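Visitor: I'm new to this one. Could you walk me through how to read it?

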Amino acid sequence: MAKKKKAPTSNTIALNKKAKHDYFIEEKFEAGLELQGWEVKACREGKAQLTDSYVLFKDGQAWLLGARIQPLISASTHYVTEPDRTRRLLLNRKEIAKLMASVEQKGYTCVCTALYWKKHLIKCEIALAKGKALHDKRDTEKERDWNREKQRLMRHDHR
């Protein structure tokens with residue numbers, strides 16, 4: 001009998017934690033991602049990175065820049081793999097128009113916050129975000145530390 005593959009525990013391939021630190025996330029969208037075969041295989045192995053990725057709009061299309069998908073060692077030798085290539089995001093026209101208007105007129109930034117599996121497809125979560133000033137980042141860190149401390153105190157009180 002053939003062994004059945006274990007289902008992955010999480011649908012998330014890669015997260016952009018830096019985006020939540022550097023920006024106020026306003027609105028999220030789900031976009032498809034135009035990938036090549038070797039990129040999908042690399043994503044199955046968790047070789048994707050979104051640290052400095054962002055979304056650019058050109059000619060009425062959305063493009064994901066700065067995302068890195070590291071090719072597997074077993075990738076085909078007769079195929080040229082580009083880990084940092086620009087990948088097209090698949091959104092409908094209304095979504096692209098809304099995102100473009102927000103970026104151009106209201107001063108938003110469009111960043112990729114996550115890559116994840118939805119059934120057999122890889123989806124990209126993109127968000128409209130406003131940049132944080134340095135003092136806002138400090139406030140976020142203080143709040144996070146305080147919440148952590150509160151949790152710690154609550155655990156010790158219940159014993």
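This is a predicted model: local features need pLDDT of at least 70, side-chain atom pairs count only at pLDDT 80 or more; totals for chains, interfaces and linings use all residues.

Visitor: Which side chains of strand 4 point to one face and are buried?

Guide: In a regular strand the side chains alternate between the two faces of the sheet. Strands here are DSSP E runs of at least two residues, numbered from the N terminus. In strand 4 (residues 54-58), Val55 and Phe57 point to one face and are buried, meaning under 20% relative accessible area with a 1.4 Å probe, protein chains only.

Visitor: How many bridges join strand 4 to strand 5?

Guide: Strands pair if DSSP finds at least two bridges between them. Here five join strand 4 to strand 5 (residues 61-65), and the two run antiparallel. Val55 stands opposite Leu64. The hairpin has two residues between its strands, and Asp59 in the turn has a positive phi of about 55°.

Visitor: Where does Ser53 lie?

Guide: Look in the loop between strand 3 (48-49) and strand 4. Ser53 is buried, with a relative accessible area of 4%. Contact means heavy atoms within 4.5 Å; leaving aside neighbours within four places in sequence, Ser53 is in contact with residues including Asn16, Leu64 and Val111.

Note on methods. Residues are numbered from 1 along each chain as its sequence is written. Side-chain values use heavy atoms; hydrogens and water are left out. Buried means under 20% relative accessible area, exposed over 50%, partly exposed in between (1.4 Å probe, protein chains only). Helices (H or I, at least four residues) and strands (E, at least two) are DSSP runs, numbered from the N terminus.
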